[in-house]
Amino acid sequence: MRRLTRRQRVSAIVLAVLALSFLTLDLGGSSLEGAHGGVRGALGSLYRGTDSVIGPVRRWVQGVPSAGTNESEIGELKKENADLRGRLAARRSDEHTTAQVKALQQAADGGNHVLLPARVIAYGPGQGFDWTVTLDVGRVDGVRVGQTVTDGVGLVGRVLHADDATAVVLLAADPGSGVGVRDTRTGELGVATGDSGKGFRFVPINAEAQISVGDVLTTGPAGSTSFVPGLSVGTVTSVRTSADGTRSAQVRPTTSPTEVDLVGVITVAGRNLAGRAPLTPGGGR
Amino acid sequence: MTRARVAAAVAATITALLLQATLVGPAFSPWAVSLPAVLVAAVALVDGPATGMSFGFAAGLAADLGSRHPAGVLALCWLGVGLVCGAVADRRSLRRDALTVGIVCGVSASAATVLLAVIHRGGPALDAVTDFLPVAAVSTVLAFGVVALVRAMLHTDHLRAPHPVYTELLVGPSRAR
């Protein structure tokens with residue numbers, strides 16, 4: 001260790017006293033405020049210039065220690081995000097299913113039917129028809145060929161074939177099949193034929209029948225259709241009169257054939273005769 | 001002191017302050033690693049205590065005036081850095097010098113923390129203890145480069161410290177007869 005000379009010791013003491021004087025002055029008041037401001041201003045402009053050059057390097061250096069951590073954190077967040085999205089989708093699906101079950105229940109209550117809930121498990125052509133879906137219920141569950149299938153709001157189709165565990169349903173919108181329907185406004189009967197995904201084409205039996213846009217068509221009449229009567233088929237969206245005077249209408253389906261998910265097979269159609277009394281002249285019984 | 005040495009000292013101080021504010025400080029935050037303190041220590045190791053404490057006081061005062069804390073804190077601490085490093089310098093190995101710089105800078109940072117805690121009547125005085133080792137370690141690493149650079153710079157003809165010139169006289173009987 002080097003020994004300090006007398007001059008160095010004196011210099012050190014002087015400088016230390018000077019530093020303590022500056023400290024006291026600065027703590028005591030605003031004597032050095034001007035000096036602070038001047039040096040800060042000069043250094044501040046230099047800092048800005050330097051930072052524009054060194055800033056990218058600094059950010060890189062600062063990012064190095066947390067690079068691995070960030071990657072794993074990003075991975076965890078992605079996983080968490082996917083999980084939350086899955087839960088959200090599941091919740092939406094649950095809500096959708098709940099709404100469908102409610103609709104089926106209302107249909108069962110309103111039409112006095114016995115409905116067997118079923119899930120669509122496959123779409124696609126089958127047995128020569130293009131518009132079919134496969135349900136997860138079959139003969140064991142009480143499904144029989146010819147039974148009507150609804151989604152609780154409108155007509156979906158009818159059972160074409162039933163195995164022990166599954167059933168194939170021919171959709172009402174199938175282009176090769178027709179549905180006997182009634183115009184609920186005028187009572188006119190006719191046939192609604194599937195129109196390649198656009199809905200139905202309705203042709204009334206009475207060529208002069210009055211059809212208007214907005215008319216609602218339901219299955220019917222009872223006894224002369226292979227479907228349970230009274231189910232909504234669709235709404236008239238346009239009416240067309242051909243050169244020979246024949247009228248036809250384009251019908252938007254109540255149930256989209258490509259969106260069916262939870263449906264109900266009407267295993268026992270309600271006749272709803274309870275409380276129905278014969279009508280007598282004068283309204284008395 | 002030559003004009004070239006003064007210019008070099010000013011340039012080195014400004015460069016160290018700029019690098020401290022834009023690169024070293026943010027990179028090692030929250031530790032109070034100080035590049036100017038390492039520079040002061042390196043200069044003192046090469047040039048001795050007189051240069052070390054003068055340079056430390058001047059650089060510390062400039063840093064004080066450019067910051068929000070009261071002037072004199074860093075001037076006092078870096079004065080001590082220059083004095084101690086100049087006194088203990090043996091100039092035998094770069095590794096030993098770097099370790100000396102690291103320890104002295106760590107102590108200086110702790111002293112500044114305590115001093116500011118006293119001035120502000122409270123504050124993170126405990127950091128003086130907990131931050132000592134990290135600050136000393138990082139300062140040691142920085143010192144390897146800074147000490148080598150300062151040695152190379154101060155051994156050039158323009159920046160070499162002026163020393164007394166001795167005239168060697170050969171006294172004795174002449175062999176040439």
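Two strands pair if DSSP finds at least two bridges between them. Strands (E, at least two residues) and helices (H or I, at least four) are DSSP runs, numbered from the N terminus.

This is a predicted model: local features need pLDDT of at least 70, side-chain atom pairs count only at pLDDT 80 or more, and totals for chains, interfaces and linings use all residues. Residues are numbered from 1 along each chain as its sequence is written, and chains are lettered from A and ligands numbered from 1 in the order in which they are written.

**Exercise 1.** Trace the barrel of chain A.

Solution. Six strands close it. Follow the order S1-S2-S5-S4-S3-S12. The pairing is antiparallel. Now look at one pair: S4 (residues 155-162) and S5 (residues 167-171) of chain A share five bridges. Arg158(A) faces Leu170(A) of S5(A) across this pair.

**Exercise 2.** Find the strands that pair with S6(A).

Solution. Start with S7 (residues 189-194) of chain A. Five bridges join it to S6 (residues 178-183), antiparallel. Here Val179(A) is opposite Ala192(A).

**Exercise 3.** Describe the side of chain B that touches chain A.

Solution. Count residues in contact (C-beta atoms, placed from the backbone, within 7 Å). Chain B gives 27 and chain A gives 29. On chain B, helices H1 (3-28), H3 (49-65) and H4 (73-88) each give two or more residues.

Conventions
Contact = placed C-beta atoms within 7 Å.
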